[in-house]
Amino acid sequence: MSVRSRLHIAMVAPPWFEVPPRAYGGIEAVLNDLVQALLKLGHQVTLIGAGRPGTAARFLATYPEPPSSRVGESLPEVVHAAHVARMLEDLDVDVVHDHSLAGPLTAAGRPVPTVVTVHGAAHGELADYYRQLGDAVALVSISTSQRLQAPDLNWVGTVHNAIDVTTFPFKERKEDYTLFLGRFSPDKGPHLAIDAARAAGRRILLAGKLTEPAERAYFDTHIRPRLGDDAVYVGEADGAAKRKLLANARCLLFPIQWEEPFGMVMIESMACGTPVVALRGGAVPEVVEPGVTGFVCADPAELPAAIDAAGDLSPAECRGHVIRHFDAVSMARGYEKIYEQLIDDRHPTPVAA
């Protein structure tokens with residue numbers, strides 16, 4: 001089968017947010033760009049998710065409104081998976097690409113291959129879950145770091161997350177603030193971002209998701225006491241606000257405290273010409289080119305100096321790095337090859353007698 005063959009791909013989103021997301025939604029943002037890029041490459045895509053249609057693909061809804069307020073509960077995931085399984089029975093597709101958590105449970109015995117992108121950390125219970133699914137699903141990692149956490153899983157490839165770079169504004173001249181953009185969680189280290197920016201004598205703006213009880217508790221304990229004239233919480237940023245904040249920032253602070261499988265905000269920042277100052281962990285070394293698109297620090301004490309040095313980096317080099325390595329069409333071609341290989345493996349070409 002040629003890589004240029006037109007495939008019909010069933011793309012399964014998680015149920016929690018629309019595609020594209022109105023505000024928070026990293027997986028949904030990736031899905032939006034992946035769907036649009038696959039369509040551009042000539043494939044047919046049926047997107048199954050919750051809420052309203054937001055891409056050019058055919059859309060089937062499992063929920064009329066995403067159950068966003070119930071994030072963390074199990075039942076919406078299960079109900080979503082049951083709806084998806086029923087919908088797939090009526091679709092003539094070549095491959096199912098599932099980004100949900102419970103959906104892969106329905107893959108066994110399916111006549112077409114099921115590709116599952118692992119968006120979380122591949123260890124502990126999540127790794128054991130995929131381990132129990134065996135070869136019923138073909139797993140794709142979003143970084144080499146993630147894959148190395150559980151090398152025994154049924155990995156079939158690694159495809160870095162990516163973005164449609166054209167949707168992110170490029171700005172050469174920056175304002176003199178630093179930025180934290182992400183969930184308010186100790187894993188993301190926004191308290192370290194505030195401390196580092198303050199030590200560097202730079203103002204910091206903080207934007208991100210603050211809806212779940214654990215996020216609010218962390219914010220009240222570790223973030224609110226640190227706020228002041230030089231550290232300002234600006235709320236949860238939608239797509240337009242996020243782009244404006246990223247494009248104008250001196251640098252993005254990404255002081256993660258866990259093995260982050262990827263980190264979408266890093267490539268979004270660099271696409272705007274804004275370098276990234278990060279702590280080493282997870283996929284950070286695969287995404288940031290030290291001394292060119294940002295700095296990768298081994299210890300929080302190194303962050304203030306890196307913030308100062310970030311102002312000397314080239315915004316054009318930051319954007320160019322994303323265009324070369326993390327553009328949505330490149331991501332789509334990576335998945336395209338995996339789809340084709342799995343289909344060929346399932347339906348090998350007969351050898352002439």
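**A buried glycine and its surroundings**

Modeller: Gly49 has a relative accessible area of 2%, so it counts as buried. Please keep in mind that this is a predicted model.

Biologist: Where is the place of Gly49?

Modeller: Gly49 belongs to strand E2, which covers residues 44-50.

Biologist: And what does Gly49 touch?

Modeller: Not counting residues up to four places away in sequence, Gly49 touches Ala13, Phe59, Leu60, Ala61, Thr62, Tyr63 and His80. Thr62 is 13 residues from Gly49 in sequence, and their C-alpha atoms are 5.9 Å apart in space.

Biologist: Val45 lies in strand E2 as well. Is Val45 buried or exposed?

Modeller: Val45 is buried, because its relative accessibility is 3%. Leaving aside neighbours within four places in sequence, its contacts are Ile9, Met11, Val35, Leu38, Leu39, Ala57 and Arg58. Between Val45 and Met11 there are 34 residues of sequence separation, and 6.8 Å from C-alpha to C-alpha.

Biologist: Let us change topic to the core. How many residues does the largest nonpolar core have?

Modeller: The largest nonpolar core has 63 residues, and those with the most contacts inside it are Met11, Leu179, Ile267 and Tyr339. Helix H12 gives the most to this core, with 8 residues. There is also a second, separate core of 24 residues, which includes Ala200, Leu210, Ala231 and Cys251.

Biologist: What is Leu179 in contact with?

Modeller: Beyond its neighbours within four places in sequence, Leu179 is in contact with Ile204, Leu205, Leu245, Leu246, Ala249, Cys251, Leu252 and Leu253.

Biologist: What about Thr178, where is its place?

Modeller: Thr178 is in strand E8, residues 177-181. It is buried, because its relative accessibility is 0%. Its contacts, again leaving aside neighbours within four places in sequence, are Ala197, Arg202, Arg203, Ile204, Leu205, Cys251, Leu253 and Ile307.

Biologist: Back to H12, then. How far apart are its end C-alpha atoms?

Modeller: They are 27 Å apart. H12 has 19 residues, 328-346, and at 1.5 Å a residue it should span 27 Å, so the two values agree.

Biologist: Which residues in H12 are buried?

Modeller: They are Ala328, Met331, Ala332, Tyr335, Glu336, Ile338, Tyr339, Glu340, Leu342 and Ile343. An α-helix has 3.6 residues a turn, so residues three or four places apart point the same way.

Biologist: What do the buried residues of H12 pack against?

Modeller: They pack against helix H1 (26-40) and against strands E1 (8-12), E4 (95-98), E5 (114-117), E6 (138-141) and E7 (155-158).

Biologist: How do H1 and H12 cross?

Modeller: Their axes come within 8 Å and cross at roughly 75°. That angle makes H1 roughly perpendicular to H12. From H1, the residues Val30, Asp33, Leu34, Ala37, Leu38 and Lys40 meet Ala328, Val329, Met331, Ala332, Tyr335 and Tyr339 in H12.

Biologist: And how do H8 and H11 cross?

Modeller: The axes of H8 (residues 264-271) and H11 (residues 315-325) come within 7 Å and cross at roughly 125°. H8 and H11 are therefore oblique to each other. Ile267, Met270 and Ala271 in H8 meet Cys318, Arg319, His321 and Val322 in H11.

Biologist: You have mentioned a cysteine there. How many disulfides does the count come to?

Modeller: The count comes to 0 disulfides. For Cys272, the closest cysteine sulfur is in Cys318, 10 Å away, which is too far for a bond. Cys297 is in no disulfide either, and its nearest cysteine sulfur, that of Cys251, is 10 Å away.

Biologist: Is Cys272 buried or exposed?

Modeller: Cys272 is buried, because its relative accessibility is 0%. Cys297 also counts as buried, at 3% relative accessibility.

Biologist: One more topic, the backbone. Which residues does a cis peptide bond join?

Modeller: A cis peptide bond joins Val19 and Pro20, with omega of about -5°. Pro20 is in the loop between E1 and H1. Most residues other than glycine have a negative phi, and most peptide bonds are trans.

Biologist: Which residue takes a positive phi just after H5?

Modeller: Gly201 does, with a phi of about 75°. Helix H5 itself, residues 190-199, is mostly covered, with 7 of its 10 residues buried. Those are Pro190, His191, Leu192, Ala193, Ile194, Ala196 and Ala197.

Note on methods: Residues numbered from 1 in each chain as written. Predicted model: local features only at pLDDT ≥ 70, side-chain atom pairs only at ≥ 80, totals over all residues. Heavy atoms only, no water. Disulfide = S-S within 2.5 Å. Buried < 20%, exposed > 50% of the residue type's maximum accessible area, 1.4 Å probe, protein only. Helix = DSSP H or I, 4+ residues; strand = E, 2+ residues; numbered from the N terminus. Expected span 1.5 Å × (residues − 1). Contact = heavy atoms within 4.5 Å. Core = buried A, V, L, I, M, F, W, Y, C linked by side-chain atoms within 4.5 Å. Axes fitted to C-alpha atoms, helices over the stretch in contact; angles between N-to-C directions. Parallel < 35°, antiparallel > 145°, perpendicular 65-115°, else oblique.
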